[in-house]
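Please open the structure in the viewer and keep the selection tool at hand.

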Amino acid sequence: MKINIGIEESDRKDITAGLSALLADTYTLYLKTHNYHWNVTGPMFQGLHTLFETQYTELALAVDLIAERIRALGEFAPGSYKEFAKLTSIKEAEGHPSADEMIKDLVKGQEAIAKTARSIVPVADKASDEPTLDLLTQRMQIHEKNAWMLRSLIS
């Protein structure tokens, strides 16, 4: 059945292309944060282990919200590692970084997602897509705050 929600099909496609990149970034950072949660070591272990768990749990919830918005706009959400690898701006972690390297890497990931979300705002705004704008505002606020919290751990 044809979608008739007041947003033109071409605008929906442009918005969902951006949301697909946001989903890929979010899932990639979720996986990286979960990895760091499992593998962090050193004197900050307990605090970082807990912080990383809080952040990956929030990211896990976010991927569902983003994917469901893509579906509500009439497109299929990417859902495989292969698709995410093509769409993400976040580099996968290699080896076993130190706790400080993990923190710095996660700051970059949080900031990357904030930038990806911000890049979609003009497209969603042009189409008067307030639900997507609301989602993007929430994502930017969360990722900017998470980046600040992580940066605050680095001397």
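By class, the residues that line the largest pocket comprise seven nonpolar, three polar and two charged ones. Here Ala, Val, Leu, Ile, Met, Phe, Trp, Tyr, Cys and Pro count as nonpolar, Asp, Glu, Lys and Arg as charged, and the others, Gly among them, as polar. The model is predicted: local features need pLDDT of at least 70, side-chain atom pairs count only at pLDDT 80 or more, and totals for chains, interfaces and linings use all residues. Residues are numbered from 1 along each chain as its sequence is written, and side-chain values use heavy atoms, with hydrogens and water left out.

Select the pocket lining: Tyr27, Thr28, Leu31, Lys32, Asn35, Tyr81, Phe84, Ala85, Thr88, Ile90, Glu92 and Ala93. On a 1 Å grid over the protein atoms alone, a pocket is an open set of points where a 1.4 Å probe fits, with protein on both sides within 12 Å along at least five of seven lines; lining residues have an atom within 4 Å of a point. Helix 1 gives the most to this lining, with five residues; helices are DSSP runs (H or I, at least four residues), numbered from the N terminus.

Next, select Leu22. Which residues does Leu22 touch, not counting those up to four places away in sequence? They are Ile66, Ile113, Thr116, Ala117, Ile120, Leu136 and Arg139, where contact means heavy atoms within 4.5 Å.

Finally, select Ser128, in the loop between helix 4 and helix 5. Ser128 has a positive phi of about 55 degrees, although it is not a glycine. Most residues other than glycine have a negative phi.

Terms used. Helix = DSSP H or I, 4+ residues; strand = E, 2+ residues; numbered from the N terminus.
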